[in-house]
Amino acid sequence: QIDGIVRIGKEAFGNCSRLQQMKLPETIQYMGKRAFVQCRKLEFIEFAPNALCSEIRTETFLECNSLKEILLPEKLQKIGNRAFYKCLALEDISFPAGLTEIGMEAFYQTGLKDLKFSPNLVKIGEKAFFKCNQLEHVIIPEHVKVIEKWVFHGCNRLKVLEIPGEPEQIGPWIINRSARIRCRKGGTVDRYCQESGFEVEYI
């Protein structure tokens with residue numbers, strides 16, 4: 001537990017092989033890239049709810065294989081590329097209301113079982129949830145404008161991806177062929193499904 005800290009530099013706790021828990025105070029404003037990379041015994045991270053940190057940067061928790069729980073700050077706006085890459089034990093996460101962007105491969109091959117996105121989410125990056133094999137049903141918020149390629153590809157248990165809104169950009173192969181997309185009839189998502197050959201059902 002580090003009280004009063006404002007800034008954590010790049011790779012500051014990288015490869016700390018015995019670190020199991022970390023509590024970050026409300027004063028924290030910045031964490032550098034790979035700050036906790038490959039802390040393989042790290043199980044729990046807690047930000048103070050009113051912490052000032054607005055971004056989880058690239059590869060911050062990459063390959064923290066034992067990470068089971070993280071409590072994110074309410075002011076968080078962006079989760080960067082590969083931020084939780086291969087956090088295999090991570091089964092649940094609560095996204096704060098202000099989160100607008102999830103980066104490329106942010107949750108690649110994690111153990112997430114259920115996703116409840118922020119209603120203000122705008123962008124989901126390439127392969128953000130690639131190979132998350134515990135997911136079965138995902139609902140994308142209506143305000144999402146960009147869904148990049150392969151976002152839920154390789155999620156072998158995914159049955160339904162529900163997209164009630166009208167995104168401006170949808171990349172190829174966002175799901176496996178075995179899953180289906182639920183959307184509004186006649187909208188941009190419906191046309192995407194017809195062009196891509198995905199099974200569709202209507203809201």
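I started with the network: Glu11, Arg34, Glu59, Arg82 and Glu105 are linked by salt bridges (a side-chain nitrogen of Lys or Arg within 4 Å of a carboxyl oxygen of Asp or Glu).

Ground rules for myself. This is a predicted model, where local features need pLDDT of at least 70, side-chain atom pairs count only at pLDDT 80 or more, and totals for chains, interfaces and linings use all residues. Residues are numbered from 1 along each chain as its sequence is written, and side-chain values use heavy atoms, with hydrogens and water left out.

I looked up the total next: the structure holds twelve salt bridges.

Then I went into the network. Glutamate 59 pairs with arginine 82, the closest N and O atoms being 2.9 Å apart. I find glutamate 59 in the loop between strand 5 and strand 6, and arginine 82 in the loop between strand 7 (78-79) and strand 8 (101-102), 23 residues apart. Strands here are DSSP E runs of at least two residues and helices H or I runs of at least four, numbered from the N terminus. Glutamate 59 is buried, at 14% relative accessible area; buried means under 20%, exposed over 50%, partly exposed in between (1.4 Å probe, protein chains only).

Next entry: glutamate 142 and arginine 184 meet in a salt bridge at 3.7 Å, N to O. Glutamate 142 sits in the loop between strand 10 (137-139) and strand 11 (146-147), and arginine 184 in the loop between strand 14 (180-183) and helix 1 (188-196), so the pair ties together parts 42 residues apart in sequence. I noted glutamate 142 as partly exposed at 47%, and arginine 184 as partly exposed at 38%.
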